[in-house]
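My notes follow the display.

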Amino acid sequence: MGLSNGIVDTLMYDFLRKSGGVAVIDGGLATELERHGADLNDPLWSAKCLLTSGNLVRQVHLDYLEAGADIIITASYQATIQGFEAKGFSKEESEALLKKSVDIALEARDIYYEKYGESCRPILVAASVGSYGAYLADGSEYSGDYGNAMNLEFLKSFHRRRVQILAESGADLIAFETVPNKLEAQAFVEILEEGIKIPAWFSFNSKDGVNVVSGDSLSECAKIADACKKVVAVGINCTPPRFISGLILAIKKVTSKPILIYPNSGETYDAEIKQWVKNTGVADGDFVSYVNKWCEIGASLIGGCCRTTPNTIKAICRTLPSRSA
Ligand SMILES: [Zn+2]
């Protein structure tokens, strides 16, 4: 086993130890960009801001660091070479935009360290990779249904170059987010094993509290992630808070890797009108009241996804015994 394997194996454990046992992930990026006036009604969604509003993206990263986040996730969720090319960018320009998403997050970390000193706490930059459904921008990352013609090789070739670029941009890890089905989990694992040099986490999403959104078994998805040595954490994002406890317990049965959780606010995304609609949504305070329970049953990385804000992250930090001291 080479040195790089050793680093991959221990990165998350070392980081969690230094973070007091539980690390805090940031909250919704798009939500914050919109609150600051960005118009994200575009297939590129928050990645659109890489083109026009790099300063704003950096400021939102900084707001999350100030709120107490230990891990900031780049604005590349919906940033794909194919998506940029569809907007008229060349391959080189598209790759540069991907790299820019990481550069902006690294700059935010540098600014934060300059202000508080590098010894304040360890901070990781996670390069977001959204699913193929996120690129389609038709809400299919919430259905996991890519049609019958989809296959493993297609997904691998769709994601490969993007993952390679992000992995070589200075990020500490790759965050595969809202992975909606088994096939895409397998595709990501196989790309990682082609020689990607940084570790990754896998987070799936669920809309019934039992399976991932496609209906594939969460246990089977988590096992695929567990079997890959480069995967340093497995969990759930963009899922209503009320489902999280059950999902943590299901994941814990199939992996001993750290479990990450960053739910949404409990509202539901309506792909038709491209808006979040209230249903049984819980307020920030309610969301946060679950956090210590989630840690007790096995989660060790906690943050927020869509519709959560720096206030959510502040409240999470305040409620964690390791932080409030
Ligand atoms: Zn989300």
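Helices here are DSSP runs of H or I, at least four residues, numbered from the N terminus. This is a predicted model, where local features need pLDDT of at least 70, side-chain atom pairs count only at pLDDT 80 or more, and totals for chains, interfaces and linings use all residues. Residues are numbered from 1 along each chain as its sequence is written.

I then took the axes of α4 (residues 54-67) and α6 (residues 91-116), which come within 9 Å and cross at roughly 45°. Axes are lines fitted to C-alpha atoms, for helices over the stretch in contact, and angles run from 0 to 180 degrees between N-to-C directions. α4 and α6 are therefore oblique to each other (under 35 degrees is roughly parallel, over 145 roughly antiparallel, 65 to 115 roughly perpendicular, the rest oblique).

I listed the contact residues (C-beta atoms, placed from the backbone, within 7 Å): they include Val57, His61 and Leu65 of α4 and Ile104, Ala108 and Ile111 of α6.

Next I checked α4 against α14 (residues 310-319), and they pack at about 20° with axes 8 Å apart. The two are therefore roughly parallel to each other. This crossing of α4 past α14 is right-handed. Asp63, Tyr64 and Ala67 of α4 meet Pro310, Ile313 and Lys314 of α14.

Last, α9 (residues 182-192) and α10 (residues 218-226) have axes that come within 9 Å and cross at roughly 0°.

Note on methods: Contact = placed C-beta atoms within 7 Å. Left-handed = near helix turned anticlockwise from the far one by under 90°.
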